Amino acid sequence: MIIEDDPSIADLLDLYLREGGFRPLQAASGMRGLELVEQHQPALVVLDIGLPDIDGFEVCRRIRARSSVPVLFLTARDGEIDRVLGLELGADDYVVKPFSPRELVARVKAILRRGQPPAPAAATTLSVGEMVDVDVARREARVRGVAIPLATKEFDLLAHFARNQGLALSRQQLLDAVWGADWYGDDRTVDVHVRQLRKKLGDDLPLATVWGVGYRLG
Ligand code: CA
């Protein structure tokens, strides 16, 4: 996102950022910039300080009130640099006009690289009903926050139920999914494990018996 009222600078930046693989948006005023930031959630904001309505400092303050998107200031004068550095606006970097567009793109890339948050962990905890959580990563079932020890197959069965909540699953489907398609055995095995789950997790486990089919969680 480029917030800059000087069209020649904005277009130049636009051009170089596109060459750098970005798809920039432009705003020529602070308020328009805030609007677009809100609407488009850009990866980074290049922010001029001298803008026709509210200045870049105020824009930054308002962005910061609701977002941690990186902000790179374009400053024109030494006095502005002091303010960028002194106001603790949460700016990530600044460049002084006149600047080399190439360098600006390099700075943008550097900020995005270092600012990359760790990949969000895949949702590893599945909620079952009101009280039961199945934490697949820790292989832990919790009832009201208290971990309940389960045997391996009991946990696998519960996790499979949790991933398929609302579906009526036959004993054969459960056997295939949890014990493996090449497991030969009595499908009463499923009943035994379900009974154990019910015993261990109690009435908080919304696991229903679907007559003639098998079981359904949730
Ligand atoms: Ca300006």
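Predicted model: local features only at pLDDT ≥ 70, side-chain atom pairs only at ≥ 80, totals over all residues.
In total, 18 salt bridges are counted. One of them joins D93 to R107, with a separation of 3.2 Å between the closest N and O atoms. Because D93 belongs to strand β5 (residues 93-96) and R107 to helix α5 (residues 101-114), this pair ties together parts of the chain that are 14 residues apart in sequence. R107 has a relative accessibility of 25% and therefore counts as partly exposed.

A salt bridge is also formed between R139 and D156, whose closest N and O atoms are 2.9 Å apart. This pair links distant parts of the chain, since R139 is placed in the loop between β7 (132-135) and β8 (140-143), whereas D156 is part of helix α6 (residues 152-163), 17 residues apart. Both partners are partly exposed, R139 with a relative accessibility of 43% and D156 with a relative accessible area of 21%.

In the salt bridge between D204 and R144, the closest N and O atoms are 2.8 Å apart. Here, too, distant parts of the chain are linked, as D204 lies in the loop between α8 (188-201) and β11 (207-210), while R144 lies in the loop between β8 and β9 (146-148), 60 residues apart. D204 is partly exposed, with a relative accessible area of 21%, whereas R144, at 55% relative accessibility, counts as exposed because the threshold for that class is over 50%.

Beyond these pairs, salt bridges link D135, R138, E140 and R142 in a network.

Note on methods:
Residues numbered from 1 in each chain as written. Heavy atoms only, no water. Salt bridge = Lys/Arg side-chain N within 4 Å of Asp/Glu carboxyl O. Helix = DSSP H or I, 4+ residues; strand = E, 2+ residues; numbered from the N terminus. Buried < 20%, exposed > 50% of the residue type's maximum accessible area, 1.4 Å probe, protein only.
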